[in-house]
Amino acid sequence: MKKALKLFLALLVSVSLAACSSSNTEEATTTEGSETTSTSGECPVTIGLVTDMGGVDDKSFNQSAWEGVQRFAEENGLQDCVSYLQSTTEADYVPNLSTFADEGKDLVIAVGYLFNEAITEVSANYPDTMFLFVDDVVDHENVESATFNAEQGSFLVGVAAGLTAMENGSKTVGFMGGMEGPIIGSFQAGYEQGVLAVCNDCKIYVDYADSYSDDAKGQQLAAKQYDLGATVIYQSAGNAGNGVIKEAKERGDVWAIGVDKDQYQDGMKDDGTSVILTSMLKRVDSATYSACTDMLNGTFEGGTKVFNLSNDGVGAEVTSGRNLSDDVIAQINDYAEKIKSGEIEVSSEATIANGSSN
Amino acid sequence: MSILISMVPATLMVATPIIIAALGGLFSERSGIVNICIEGIMMVGGFAGATVCVLLESDPTFGPYAGWLGLLAGLVVGIIYSLLLAVSTINFKADHTIAGTAINMLAAGITIYLCQIIFGQQRTIAFSKGISKMKKIPLLSDIPIIGQAFTGIYPTIFIALILVLVTWFVVYKTRFGLRLRSCGENPHAAASMGINVYKTRYAAVMISGALAGLAGAIMVLTNGIQYTASSIHGVGFIAIAALIFGKWHPLGTLGAGLFFGFSSALGVYASMIPLLNLIPSEFFSCIPYILTIVALIIFSGKAVGPKASGQIYDAGKR
């Protein structure tokens, strides 16, 4: 009986392994297939996108990056000239990037700072292939590094927070970051300046969760800030920020601000309204779209390219009919114009210390 | 005083899943099976809880109870998933630690894989409510001054308190509890008295899975808005630490769980408390681990844990 069970388990394991490997080859052949069609169909440029862990339908960075590539392809009728490879583990980065380089793609795109080492290695091995690296910097001649001026988008959501806090009289807002440092510090800095620009006697509480995953800590910190009178909290802490959204839902009369993408759906309450006042948007699709266009026009070059308000790289989510009044939206657009024209310069240096207020 | 009062809900929220998961570990270890895969079972339970909650939320009949049905789903899926540990360690006599580690790794992969299939993304869709806080608790909230501390806490803490009492009763006052403990102390002696060690251990591991799965579902449905790969982030291991720190006793684990929750709340509020605001907040995050190591050193000479815990039971071996 026991032997039979062992045998059965062993069989099960081998069958599932076989299933895995067969599906892998299947995937490989489909990408191969798309490759042959793309070379036969006279492509002015060929472009390959390597996803991070997660597919092009992950409703996050990968999806956004692929949407930028597709928008480019549709506008130029080059649907057969773009393709993607999915990474399932970090170990896939180098092989996937090399596969595209071997196939002779003109431009290979990788999204996310996790690719740093892989891009460094592969771009050195394939000096004739161009690479786009989104969200971090690799200093090679054939790599364009796209970075985002998060402080500009954060300034705009700060304007929304400050105006909302003025409106209900609390004049208090909060910021919760993941880990202290220059990256999240720039989010905090822009937010501080945006709040103070519209409400110069507003109080801003700043806390860091010391984590991008601990949503319990995020909720505790949010409860603390809301108890102190904050009406709006801007969270920039990955999954820890989910705790802020949960606490806002519990209270019902306060707001949270989303980050990186439109988080309106995440803030849905059971009455059909959302606690997400607005979201700071990081437009990965703008970065991939513009790199593809540059490639087609022959203007693509290595170096760092900064994405900001002027080239639609960052922004605030201002869909009318949600939680922002048209008047607030008008003011946000006003400030956006001022930042674009250089009338307002947003610094990326945060001034309020972790665990304190101004 | 007002800071202390605000710390109560924060403490209880973090302590609840730790206490329940530690009770799960208690059942399993008391029967002699080291359950290092509490973390993995919590992941599976959390995933099941969030998924059921999301899918039932819009349903007109089940909608209002979606969060509670999510907890039930976490519990049931936890039992099913814990059978992996039971089969591998009890039937196939695998090393408990290695089997547990493998089960942990499988949980991280399988939950994200299922999210991708069901929701088309690497996490579940956000649920709108989950388990909500209680605005007011009858009697407790009416107490002057300290009554304030009992507004805005999650009802799940009462599940944890009831489970502590039930566990204490089952382990120390029932025939099953006596058999359970004897299997963990000396399974051969227990078997010679006619106790079916295999059956007892199976029951213990399944109870353990039920509690860990429930703890995972509680954690996801109270702390956040969706299940993600980092939803459980090591709380399963903190629960094992609470079990050791609480000397494998239900009331001890309750105390340890509350203390770990308190130290987490202290990390959040320290910046508002004079003197404590000079200590970096990371310090409060490591208190549980430091204390567990200290406890292990202190207890090392005395036999407090189940004697046969972690040993493979082979009826033919003496």
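This is a predicted model: local features need pLDDT of at least 70, side-chain atom pairs count only at pLDDT 80 or more; totals for chains, interfaces and linings use all residues.

Residues are numbered from 1 along each chain as its sequence is written, chains are lettered from A and ligands numbered from 1 in the order in which they are written, and side-chain values use heavy atoms, with hydrogens and water left out.

Q: Why is the meeting of B:K129 and A:D270 called a salt bridge?
A: The term asks for a side-chain nitrogen of Lys or Arg within 4 Å of a carboxyl oxygen of Asp or Glu. Here the N to O distance is 3.5 Å, so the pair qualifies. The rule finds 2 salt bridges across the interface of chain A and chain B.

Q: What makes residues part of the contact, and how many does each chain give?
A: Contact means heavy atoms within 4.5 Å. Chain A gives 36 residues and chain B gives 39.

Q: How do you know which residues of chain A lose the most area to chain B?
A: Buried area is the accessible area (1.4 Å probe) that two parts lose on being put together, summed over both. For chain A and chain B that comes to about 3,000 Å², 47% of it on carbon and sulfur atoms. In chain A, the residues losing the most are A:Q220, A:K246 and A:E250, together 20% of what that side buries.
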